[in-house]
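Morning, everyone. Let me put the chain up on the screen, and then I will walk you through it.

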Amino acid sequence: GRVDWLVVGLGNPGARYARTRHNIGFEVAALAAERWGLSKAKKRWAGLYTDGRIGPGGPRVGVLLPQTFMNDSGKSISPARGELGVELDRVVVVHDEIDLPFGRVEARLGGGLAGHNGLKAVKAGLGSADFRRVRVGVGRPDTTDPEIVSAHVLGRFSEPQDEVRELVERAADELDRLVGNL
């Protein structure tokens, strides 16, 4: 049934995109679901979905990893939100952010889309940009060339694996703080 929060990890499906910068939203949301002790995700709303309570008496949280490509993620998120009856400001989208340096994590409500096609798809699916975000800094190449930027976000991390893991963990901490305290 209903949940208090809908956490959405953005990414692209399939092994080709696993462990890339663009898929860090998947990794963060999956780690949070694991920490919260949620059951194995099942196919639902063109995504992988699980839900449950965060601790005894805690909020009910749904975690959705859309299995559409990121640019179509609104097609997964919109029906999930509608069926789960989640208020717009209780939808939290976890995504890669090239406008933040690698390692930085920021949460915010609403704001611009900064050319992020996944966020554009979410806005289209939800009908508004007034959802919460956990922005996970993946850095940006020293160019605005769209092909180089695309190769950067679709590429695997060049940073050491332990630093990438720490970034995923800190972003999951931020998600925990956000949904556990509001």
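First, a caution. This is a predicted model.

Start with the fold. The chain has five helices and seven strands. In sequence order, they run β-α-β-β-β-α-β-β-α-β-α-α. How compact is the chain? Its radius of gyration is 15 Å, close to the 16 Å that the globule rule gives for 182 residues, so the chain is as compact as a globular protein of that length. Along the principal axes, the C-alpha atoms fill a box of roughly 45 × 35 × 30 Å.

Now burial and surface. Of the 182 residues, 53% are buried. The accessible surface is about 8500 Å². Carbon and sulfur atoms account for 49% of that surface.

What about contacts along the sequence? Take contacts between residues at least 6 apart in sequence. Of those, 72% join residues at least 24 apart.

On to charge. Side chains of opposite charge can pair when their charged atoms come close. How many salt bridges are there? The count comes to 13. I will show you three of them.

Begin with Arg35 and Asp173. Their side chains meet in a salt bridge, 2.7 Å from N to O. This pair links distant parts of the chain. Arg35 sits in helix H1, residues 24-35. Asp173 sits in helix H5, residues 161-181.

Next, Arg60 and Asp51. They form a salt bridge, and the closest N and O atoms are 3.2 Å apart. Arg60 is partly exposed, at 24% relative accessible area. Asp51 is partly exposed too, at 23%.

Then Glu106 and Arg135. The side chains meet in a salt bridge, 2.7 Å from N to O. Again, distant parts of the chain are linked. Glu106 belongs to strand E6, residues 105-109. Arg135 belongs to strand E7, residues 132-137. They are 29 residues apart. Glu106 is partly exposed, at 24% relative accessible area, whereas Arg135 is buried, at 9%. Which residues share this network? Salt bridges with shared partners join Glu97, Arg104, Glu106 and Arg135 into one network.

Last stop, Asp96. This residue lies in strand E5, residues 91-97. Asp96 is buried yet has no salt bridge. Where is the nearest side chain of opposite charge? That is Arg21, 8.4 Å away. The cut-off for a salt bridge is 4 Å between a side-chain nitrogen and a carboxyl oxygen, so Arg21 does not qualify as a partner for Asp96.

What does the Asp96 side chain make polar contacts with? One partner is the side chain of His22, at 2.9 Å. Another is the side chain of His116, at 3.0 Å.

Which residues surround Asp96? Leave aside neighbours within four places in sequence. Asp96 is then in contact with Arg21, His22, Ile24, Met70, His116, Val136, Val138 and Val153.

To recap that residue: Asp96 is buried, without a salt bridge, and its side chain has polar contacts with the side chains of His22 and His116. That is where I will stop.

Key:
Residues are numbered from 1 along each chain as its sequence is written. This is a predicted model: local features need pLDDT of at least 70, side-chain atom pairs count only at pLDDT 80 or more; totals for chains, interfaces and linings use all residues. Side-chain values use heavy atoms; hydrogens and water are left out. Helices (H or I, at least four residues) and strands (E, at least two) are DSSP runs, numbered from the N terminus. Buried means under 20% relative accessible area, exposed over 50%, partly exposed in between (1.4 Å probe, protein chains only). Lys and Arg count as positive and Asp and Glu as negative; His and the chain ends are not counted. A polar contact is a pair of N or O atoms within 3.5 Å; within protein, one must be able to donate a hydrogen and the other to accept it, and residues adjacent in sequence count only if both atoms are side-chain atoms. Contact means heavy atoms within 4.5 Å. The radius of gyration is taken over C-alpha atoms; the globule rule is 2.2 Å times the number of residues to the power 0.38. Accessible areas come from the Shrake-Rupley method with a 1.4 Å probe; for residues, only the protein chains shown count as cover.
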